[in-house]
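Visitor: I have a model open and would like to learn how to read it. Can we go feature by feature?

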Amino acid sequence: MTITTFRLPFLLGALLFCIQFVAPVQARPGSAPLAVADVPPLDGLWKGQLKVPGGQLEVIFRFVKLTGGEYFCTLDVPLQKVSRMNVKTEVKADTVRLFAEEANSRFVGKVTADGKQMTGTWQQPGFKVPMTLTFSPLPAMNAKNVRLTPPYREEEATFSNLAVNARLGGMLTIPAGPGPFPAVVLLSDVGPQDRDGTVGDFAPLGMLADYLTRRGIAVLRFDDRGVGKSGGTPAVTTADLVSDAQAGLNYLRTRPEIDLSHLGLVGHGEGGNVALLAAAQPLPPAFVVALAAYGLPGRDIVVQQQATTLRTLGTESAQIEAATKRQLAMLEIIRQTTDNAQAQAIVANMLKQNNAAIDNATAQSSAAEMTSPRYRYFLAFNPVEKLPAVNCPVLLLNGTSDLTINADANLKALGAGLSKNKNVTSKKLAGVNHMFQPDATKWPIVNGQPQPNFSPEAQETIREWIVTQAKK
């Protein structure tokens, strides 16, 4: 049995979201049952229409197989502005179970013999409906498929993180001309991500890298540990990732095309916090751009995200308040109970009391996740604690439509932590969500269909600010 345990700072434990694929693969007529080795791989996108009162919602699961053999999985519900909802996977023979903590739902389905569909039932308290998921392969590097040869150099880059003995692989893009150029290292959001930060068929880091490089800024982006061409095992905590950012900076410092005095970090989500932590260390970057970084302690982020998720699902205020109280009680139990076995038993019991639909195995698995070192770390992590040591220029950008990181609360906290730094720019972008997509009405039309893009306002704000730092 392989159990994926990945960085997940946004677990919402009081509500148990349990998506469970029980997938015995169907045998071919007249043949013996498929062997375990014949089970089709899950890598790719699994899309389905969830019928709800008054209409239907598209749900999208994204599976990426890590180098260790386990899967990393996320869930998107575009119409509810849910993106990258984290799911942990458990694979045993031909049975696959997926768990997350951000909604109170379950799906049970079977994979067809050709590996193209999962058919089954989606269930929430008081609601049960059949649903079929259809497989499609993960999109290739979209930008490379649809654009001409770019007006800049592209190089596969390989560098070492000696602190954890890992080789990291990525892409370095260098503007046309002799240089030296200002440069940035891009850092992805939570969870093991590829170099483009791909979610579904949207690749925000790849889009940002292309935009910046076309306009005179060199960019290094890389696969996270255990993904793509990067070795090692996925990092556990935010602090663990600082050495990856430092390794990227050190690699660029060896390149003659790079202006070493204008070498910065641009991080998205958790990557923004990694960038800020790196700026508080020796040999800091020349500047930091933090996109939707969190400024509140982990415990507050968890509670805030639970309330936001329930609100988007149409939950009544009284139910949200009750769920928040249960969540706070559970988090307090985890904080106070240092004995993991005891903490797991209490939390599992609380989960079953809160949701009668879950079984013992699901409750125990979720309780183990919520008492793990990485979750305990996140609950206690204060993202502003190290900020007084950040002396380089900082740009903080958040979107007003971000349902993952509340712009007002987190920008205020980050601003307070950076109050001693006299070169901090903070800006809210109207209508921009956590993925830095603009409002859907502003998406470009491709082949008659609106396609999400990286907010042009955000891209230009980042470019202009970086160029301003370079001129100084």
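Visitor: Is F436 buried or exposed?
Guide: This is a predicted model. F436 has a relative accessible area of 1%, so F436 is buried. F436 sits in the loop between β18 (424-429) and β19 (445-446).

Visitor: What is the phi of F436 near?
Guide: Start with the general idea. Most residues other than glycine have a negative phi, and most peptide bonds are trans. In this model, phi of F436 is near 65°, a positive value in a residue other than glycine.

Visitor: Where does L283 lie, and what is its phi near?
Guide: L283 is in the loop between α4 and β16 (288-291). Phi of L283 is near 55°, again a positive value in a residue other than glycine.

Visitor: Does L283 count as buried or exposed?
Guide: The cut-off for exposed is over 50%. L283 has 62% relative accessibility, so L283 counts as exposed. F436, by contrast, is buried.

Visitor: Which form does the peptide bond from G179 to P180 take, cis or trans?
Guide: The bond from G179 to P180 is cis, with omega near 0°. P180 belongs to the loop between β12 (166-175) and β13.

Visitor: Which residues lie nearest the centre of the second largest cavity?
Guide: They are L187, S188, F222, D224 and L241, out of 13 lining residues. The largest share, 3 residues, comes from α4.

Visitor: What classes of residue make up the lining of the second largest cavity?
Guide: The lining has 7 nonpolar, 2 polar and 4 charged residues.

Visitor: Now helix packing. At what angle do α6 and α7 pack?
Guide: Helix α6 (residues 317-336) and helix α7 (residues 340-354) pack at about 170°, and their axes are 10 Å apart. Angles over 145 degrees count as roughly antiparallel. Therefore α6 is roughly antiparallel to α7.

Visitor: Which residues of α6 and α7 meet?
Guide: From α6, look at R326, A329, M330, I333 and I334. They meet I346, V347, M350, L351 and N354 in α7. By class, this contact has 8 nonpolar, 1 polar and 1 charged residues.

Notes. Residues numbered from 1 in each chain as written. Predicted model: local features only at pLDDT ≥ 70, side-chain atom pairs only at ≥ 80, totals over all residues. Heavy atoms only, no water. Axes fitted to C-alpha atoms, helices over the stretch in contact; angles between N-to-C directions. Helix = DSSP H or I, 4+ residues; strand = E, 2+ residues; numbered from the N terminus. Parallel < 35°, antiparallel > 145°, perpendicular 65-115°, else oblique. Contact = heavy atoms within 4.5 Å. Nonpolar A, V, L, I, M, F, W, Y, C, P; charged D, E, K, R; others polar. 1 Å grid on protein atoms, 1.4 Å probe; cavity = no way out; pocket = protein on both sides within 12 Å on 5 of 7 lines; lining within 4 Å. Buried < 20%, exposed > 50% of the residue type's maximum accessible area, 1.4 Å probe, protein only.
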